[in-house]
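Please look through the sequence and the 3D structure shown here.

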Amino acid sequence: MRKQIVAGNWKMNKTFSEAETLITDIADALDEVDLKDAEVVLCPPALYLEMATDVAFESNFKVGAQNIYPEDSGAFTGEISPLMLKDLNVSYCIIGHSERRKYFHETTEFLKRKADALLKHGIRPIFCCGEVLPEREANQHFEVVQKQLAESLFHLTQEAFQEVVIAYEPVWAIGTGVRATKEQAQEMHAYIRGLIAARYDGATANEITILYGGSCNGKNARELFEQPDVDGGLIGGASLKTEEFLQIVTSL
Ligand code: PGA
């Protein structure tokens, strides 16, 4: 059975004390929830990872980072390495988010290095892929996603690939309030699973967790998660409010 996941991407939000309150509130609320085999992952800003892993130690969630630099150590001013994350018991790291592709010019080749660097230390990449609006309008969305996966992930061995979580995030849906319809999400998720089956095999494709991200909230999560190939969500704005985030978690 593939793992269902709801991951909260806090992006560059919250002061330390606000973050501490939010993490503790979510941890307390999760104590009341039977997650079965599902996993909740919180991805706060890097500065708060240590505090988050301390809380997670006695709680029902895992911690993810939002970024890494793909070297263990060295002269890379301002950067954080997967070795450092490993040392803090960070379990996941988001890579390939459209904001990093756009504002920080991260290429598919660079993301390939990030995936390798994380997997070397047993940190599971949450690999984001997805098309921008003009690409969807030109009916190029399948091709765009295929290229993103092929260029950054499909060099991995089957064993390494099994540790990856994919997040399909149509860029036009991120932070806009305009989400993909359940049909659009299911269609792309099934397509991604087909690509994985073709590159690896059917069993691998069936085991990979594929999350949907982009304006997913407490109201629409259930119908998205009900789709056979949607295994949970990567949640931005709605992960910053305990009640709404919990509503999403319990929609699994
Ligand atoms: P959103 O962001 O839920 O605020 O649309 C999702 C994401 O960027 O991961």
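**Helix packing and ligand surroundings**

H7 and H9 are oblique to each other, therefore neither roughly parallel nor roughly perpendicular. Angles under 35 degrees count as roughly parallel, over 145 as roughly antiparallel, 65 to 115 as roughly perpendicular, and the rest as oblique. The axes of H7 and helix H9 (residues 182-199) cross at roughly 40 degrees and come within 11 Å. Axes here are lines fitted to C-alpha atoms, for helices over the stretch in contact, with angles from 0 to 180 degrees between N-to-C directions. Helices are DSSP runs (H or I, at least four residues), numbered from the N terminus.

This is a predicted model, in which local features need pLDDT of at least 70 and side-chain atom pairs count only at pLDDT 80 or more, while totals for chains, interfaces and linings use all residues. Residues are numbered from 1 along each chain as its sequence is written, and side-chain values use heavy atoms, with hydrogens and water left out.

H7 passes H9 in a right-handed crossing (the near helix is turned clockwise from the far one by less than a right angle). On the H7 side the contact (heavy atoms within 4.5 Å) is made by His 141, Phe 142, Val 145, Gln 146 and Leu 149. H9 contributes Glu 187, Met 188, Tyr 191, Ile 192 and Leu 195. These residues divide into seven nonpolar, two polar and one charged. Ala, Val, Leu, Ile, Met, Phe, Trp, Tyr, Cys and Pro count as nonpolar, Asp, Glu, Lys and Arg as charged, and the others, Gly among them, as polar.

H7 (residues 141-152) also meets helix H5 (residues 108-120), where the axes come within 8 Å and cross at roughly 50 degrees. That makes H5 oblique to H7. The crossing is right-handed, and the contact joins Thr 108, Leu 111, Lys 112 and Ala 115 of H5 to Gln 148, Glu 151 and Ser 152 of H7. By class, there are two nonpolar, three polar and two charged residues.

Helix H1 (residues 16-30) packs with helix H2 (residues 49-56) at an angle of about 20 degrees, the axes being 10 Å apart. H1 and H2 are therefore roughly parallel to each other. Their contact involves Phe 16, Ala 19, Glu 20, Ile 23 and Ala 27 of H1, and Met 51, Ala 52 and Val 55 of H2. Seven of these residues are nonpolar, none is polar and one is charged.

The ligand has 13 residues around it, of which Lys 11, His 97, Glu 169, Gly 175 and Ser 215 come nearest. A polar side-chain atom of His 97 lies 2.6 Å from an oxygen atom of the ligand. For Glu 169, a polar side-chain atom is 2.7 Å from a ligand oxygen atom.

Note on methods:
Helix = DSSP H or I, 4+ residues; strand = E, 2+ residues; numbered from the N terminus. Near = heavy atom within 4 Å. Polar contact = N/O pair within 3.5 Å; in protein donor to acceptor, adjacent residues only side chain to side chain.
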